[in-house]
Amino acid sequence: MPPAFPLLPLPVLLILLPLFVPLLAVACLGFAQGGRRRPPHLPRLAEVAALLALAAALALTVALIVLGPGRLGPSMRLDALSAIMLLLVTFVGWIVVRFAGTYLDGEARQGPFTGWLCLTLAAVLCLVAANHLVQLVAAWIATSLLLHRLLLFYPERPAAQRAARKKFVTARLGDVALGAAALLLALAYGTGDIGSILAAARQGDGGGLAVAAACLLALAALLKSAQFPSHGWLTEVMETPTPVSALLHAGVINAGGFLLIRFADVMLLAPGALAVLVVVGGFTALFGSLVMLTQPAVKTSLAWSTVAQMGFMILQCGLALFPLALLHIVAHSLYKAHAFLAAGGAVERVAAIRRPGPVAVPDAAAVARAFGAALAIYVVVGLAFGLTHKSPQAAVLGAILIFGVAYMLAQGFADAAPRALTRRTAVYALATSFGYFALHAAAVFVTQGVLPVTPAPGPLEAGLLVLAVASFGLVAIVQAMFPLWAYHPAAAGLRVHLSNGFYASALFDRIIGAWRTDRPPTGSTPSRT
Amino acid sequence: MSTATLPLATDAPLPAPANGNDNAFERIATAADRAALAIPPAWPLASSVAVNPFLGQSGEDLATAGARLARVAGAAVTPPRATYRAKIAAGAITEADLLAAWSNAPPDLRPTDLAALKQAVEHDVPPPVALPTVADLAAGVSGIDWPGLIAERLGAWAAGHFDEGQALWAAPRNARGAYAAWRAVATHDLSPEIAGLPGFALHVSEVPVNPLRLIARASERLGLADAALETYFHRLLMSLGGWAQYARYKRWQAELAGGSDATTTDLLAIRLVWEEALFARYAPAIAARWAETVAAHAAPVAPSADLVIDSILQEAAERAAQRALAATLAAPAPASSTSPDARPSLQAAFCIDVRSEPFRRALESLDPGIRTLGFAGFFGVATAHRRFASDVEELRLPVLLTPALHSAAGSDADAEADRSARIAARAKRAWGRFKLAAVSSFAFVEATGPLHVGRILSDSLGRVGATPEEPAPRLVPAQPHGHDHGHDHGHDHGHAHDDGQPPDLAARIDAAEKILGAMSLAPPFARLVVLAGHGARLVNNPHASALQCGACGGYSGEVNARLLAALLNDRGVRSGLAARGRAVPDDTLFVGALHDTTADTVTLYDDAPSAAHRADMAQARAWFEAAGTLTRTERALRLPRAGSAAAVARRGNDWSETRPEWGLAGCSAFIAAPRTRTGGRSLAGRAFLHDYDWQQDAGFGVLELILTAPVVVASWISLQYYGSTVAPDAFGGGNKLLHNVTGGIGVIEGNGGLLRAGLPWQSVHDGETPAHEPLRLSVCIEAPREAIEGVLARHDAVRTLFDKGWLNLFALDDDGHMAWRYAAGLRWTAMDPSV
């Protein structure tokens, strides 16, 4: 079978050198420092390496625009998806490396930390640029193992060990699923070249083996994206310095979604697997966002937000809206990287909440008006962006936007809200809707030809669409009326169970014996070194 | 309302009370109360102030407190022996220091002679280990990490319960207190049973409703002798880390306002429910060891030989530092080129904070006519202040006091700006809720996520927009209650028993006269008198308030300074002062200012613009800028990764900086004397400098004020740095790299568990060496010894701090030399003038 893409010329291939070599060199330098505090020049060199990688990603993007998509050497590819992911990862990588250089100043093992950080970045870059199954699987596993080292930067912390063990178990299951999927793909298409596999799958080739592979890919993605009930590890990995959380939540966690988008053509062969993604992703999205409401610690709240956002992204993949899933990955990564790194400002933000006076609580009528107004905004802005050409799946996502915008409007429509506030929230609602449609249009445009068009929904998909609209709509109404019911005594028990994430993580702990200890019965004051 | 005040008869799970039972109950309640008082309070991080972690032990000496804290927390109260060995080897601690400290120790406890002491220094002692709890023993026999699980579960509940607004869906409020709130949660929570404690929720549902009843029942079931109660209860509260300290803060605030609060006791009861349940389950396996533990708790708290040796070594280290200080003060003063009666070219008052010292020194070096003075940074203006466009009153005053005044930023002329600022803030808040709420969070990410590129870049590159200057504050009537709609668990802010009206002219004249006297601010007055509060401009730092002004309640001090400047510029006040013989020249202008201690810049607030003073203001700005450069250059030597003065100035804007400045690390002395005693000498940013001229202090009222307020606040600061350095696990804020802000009130490390109060490790350590040398403060006062004695005799709590060695006291003679050392019991010993 001929490769689907042309081989790009050598000068483009050479751009891979600044993409990888400086990161690997700095990693070696970092490991050589051992436990030395304040390794000279290392933070600056690491930032330079990360900047070179970012520059290389930009250069590759220019090459893509000029030359069109193609293969880079034997096992990498350059297309809209890989270019966007390279840009995202190198940008977040630069920010995280820069942050860590100052943040870890004075820490023992800053050198090895920098080393693991740079290696993890390089592994993620290998993953998103992979055009061969072997490189893909190898980079996938390497990312996970390297991340494990970063998560155990303080190996003596029991909570770090607990979370890392859960992560390890989940990740190895995911590795097995991906390995098996890769094997089945190779058998089904007789090649390890991803471009060829995608081209064949787009023709409908592959048969039962491909369908089985799609199911395993879906499983691997669910495990990697911390979908219910395997989410426990993600909400507990704040046991490591903040930059690692930022990298994890803005970079590594996207691997699952990336996998589905990369193999979008294969996934379309298995509507059943997509349906599972819709159900699990949709449930996780709602579950995660409700649990997040109850979380009093800022990073924990952000972690639950990631669970929810990944659920939403998986839902989009399940609905075959791959360009939108890609947009969601990029948007969420940028938001979450900033949110984690800026988490230290939470004291000031919480203090600021109370200063301007009480929150105006909307009643049922205000909520109804808000939903009506949001619908009107949707129709007006949507028509401007060609709403009529959209697939039913995209329309459903638009409905979810309405629900969100309605929440914004409801706060301004509350009887106690001054008119100026109503105007402002309305402007925000308009701007949000505009931004939403503009970005959607951009995502679809950029990935044209690379990602498959969303197929027309069958009866199964139609049922799922109705389910999605109904469940998100219900939660949105419940949320908008929230202050009216959340403090009713009847809701107290629900809040307890919800705040514990329905005990999925506690059960996981029990199964792997996470609370077992060998330590002698001495003092219980927390220890830190 | 507190559960402790509920009538005890409303539930009767105990047998009908006989007299003996009543007495037992009383004793248990007393022990619980004593344990609660043994815990230091921890203020929320939005306005945190330094607290003496040994507050509950200040009636004991260091060695005895060490024995107690070892038993209840496994906490050390001195640095490891190696620290002293190094100082002895380096010659910092001399043989004479060791001998003096040894001689001062109780003869029956100290080593037999100096040789034995010096031999003991060579041996390391193992770190102290706390007595086990039932949970510790249960962990040993079951292999399940019960202490860890309890900390995790209790932390999960407490974080929600004490949340001040992080979670959109807050934990339900419970008017009956923390214990009742916890029971409501624990009867639903399935986690303990999943982890291996079947029936725990049922157990919780059946415990007595009254926490004191539960404490009594658990004490009986655990077989606790009366003598064992206090340190066992203390042990349990210490196992709750910062949560117990935050509960103790609730009590502090309630008591300051004349009320009471039982949250600490509630937490003790909660912890005892766990102990009871685990004891019921594991009693057969742990009974013997538990009986030993109870016996150990019942034994009196007495220092071991090693603790006595450690406290002797600590005293020797302090004597070494005092020798150096005495030498600095005894050094010949650089001759002043101006007469003391000449009019100064500029007067600037700063907070006594140790960070003012290098800046004052630098400023004075610029012109011989510049005079600076030190005073508590709230400048005597104890105000509950509302920021611009804010309903929330911030207590900008020392935490020992209740507010005497109410103030707000902006005047009636700013009403329109106030209104639109509020709308903007409320819209921002609505946007924040849109970002966090279920469902809408997805729309938020898809519509605006990519815009975060800009925010990431500006934060990462340290492009911080200038914070808009708040309009001048003014005194206002007290706000009627009911404005505070945040979900605070009750009104815990103390309010003074004033009539709520701003003071009238007579009261303002009184206040001005009193403050000028307390500041020792007397003629000749300069044309420009700058009153500089201080603050730290920082980003992304949960512990920012620890770097603000402690005398202003953990806020920056510009509001108080601007209020005082306005008071002293008031024409009516000026003529009133003149009538009382404290005339201030008409051409003297007072100007409020803010000294940013991170960047060492000074902002002058031109609240009363005066054309006549334009040149003075320009000159002052130039001097402050030059002094800032000098100070930054000096500080750059001590800060890691600060190659230059410019690098120091940028640190506050760096969102990844864990050590923007060293705060008060290194503080070791408090000097109340005229500036001439310390001027021209470097105190290396380690001394609190309070201006005081005893000859102007008829009746020694100002001396009394200094010893009972600023000295006590300084002792809290010094001992907080001390405790966070020597006992980081018990009294330190943990590792900044892992901090996770919870409830807007504090930090936890990592996922959850215990709140961490105190200073983070990065604030007292540069990674390679401690940035703070743990020394108990040396208080030097230039005043007659009899006057000092008189004050101490009237204030037992203050006297105890000196008698038990938590503070060292020295009287300066008429030459400003350290001439007399205070020994316990209102006695003095003469210092050797040769050093």
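This is a predicted model: local features need pLDDT of at least 70, side-chain atom pairs count only at pLDDT 80 or more; totals for chains, interfaces and linings use all residues.
Setting aside neighbours within four places in sequence, B:Cys351 is in contact with B:Ser356, B:Ala376, B:Gly377, B:Gly533, B:His534, B:Cys549, B:Ala551 and B:Gly557. The residue belongs to strand 1 of chain B. Is B:Cys351 buried or exposed? With 31 other C-beta atoms within 10 Å, B:Cys351 is buried, because 20 or more such atoms is the cut-off for that term.

One of its contacts, B:His534, deserves attention of its own. B:His534 is found in strand 7 of chain B, and B:His534 is buried too, with 26 other C-beta atoms within 10 Å. Again leaving out neighbours within four places in sequence, the contacts of B:His534 include B:Cys351, B:Asp353, B:Cys549 and B:His595.

These names return in a record. An unreviewed UniProt entry places the feature "binding site" at B:Cys351, B:Asp353, B:His534 and B:Cys549. The four are spread over 199 residues of sequence, yet they cluster in space, with a largest C-alpha distance of 8.7 Å.

I turn now to the sheet. Which strands form it, and in what order? It is an open sheet of five strands in chain B, ordered 2-1-7-8-9, with mixed pairing. Strand 2 (370–375) and strand 9 (601–605) of chain B stand at the edges, each with a single partner strand, so one side of each has no neighbour in the sheet. From one strand to the next, the twist averages 25°.

Strands of a sheet pair through backbone hydrogen bonds, in either a parallel or an antiparallel manner. Strand 1 (residues 346–351) and strand 7 (residues 528–535) of chain B pair in the parallel sense over four bridges. In strand 7, B:Val529 is the bridge partner of B:Gln347.

Helices accompany this sheet. Helix 16 (residues 356–364) of chain B lies across strands 1, 2, 7 and 8, and runs at about 165° to strand 2. Helix 23 (residues 614–636) of chain B packs on the sheet, touching strands 1, 2, 7 and 9, and its direction makes about 160° with that of strand 9.

Let us step back to the whole chain. Chain B contains 30 helices and 18 strands. Its radius of gyration is 28 Å, close to the 28 Å that the globule rule gives for 835 residues, so chain B is as compact as a globular protein of that length. Buried residues make up 57% of chain B.

Finally, the partner chain. In chain B, 108 residues are in contact with 111 residues of chain A. Helix 17 (residues 415–436) of chain B supplies the largest share of chain B's side, ten residues. That side divides into 52 nonpolar, 36 polar and 20 charged residues.

Technical notes: Residues are numbered from 1 along each chain as its sequence is written. Chains are lettered from A and ligands numbered from 1 in the order in which they are written. Two residues are in contact if their C-beta atoms, placed from the backbone, lie within 7 Å. Helices (H or I, at least four residues) and strands (E, at least two) are DSSP runs, numbered from the N terminus. Ala, Val, Leu, Ile, Met, Phe, Trp, Tyr, Cys and Pro count as nonpolar, Asp, Glu, Lys and Arg as charged, and the others, Gly among them, as polar. Two strands pair if DSSP finds at least two bridges between them. Axes are lines fitted to C-alpha atoms, for helices over the stretch in contact, and angles run from 0 to 180 degrees between N-to-C directions. The radius of gyration is taken over C-alpha atoms; the globule rule is 2.2 Å times the number of residues to the power 0.38. A residue is buried if 20 or more other C-beta atoms lie within 10 Å of its own, exposed if 12 or fewer, and partly exposed in between; C-beta atoms are placed from the backbone. UniProt positions are given in the numbering used here, feature names are shortened, and annotations may be inferred rather than shown by experiment.
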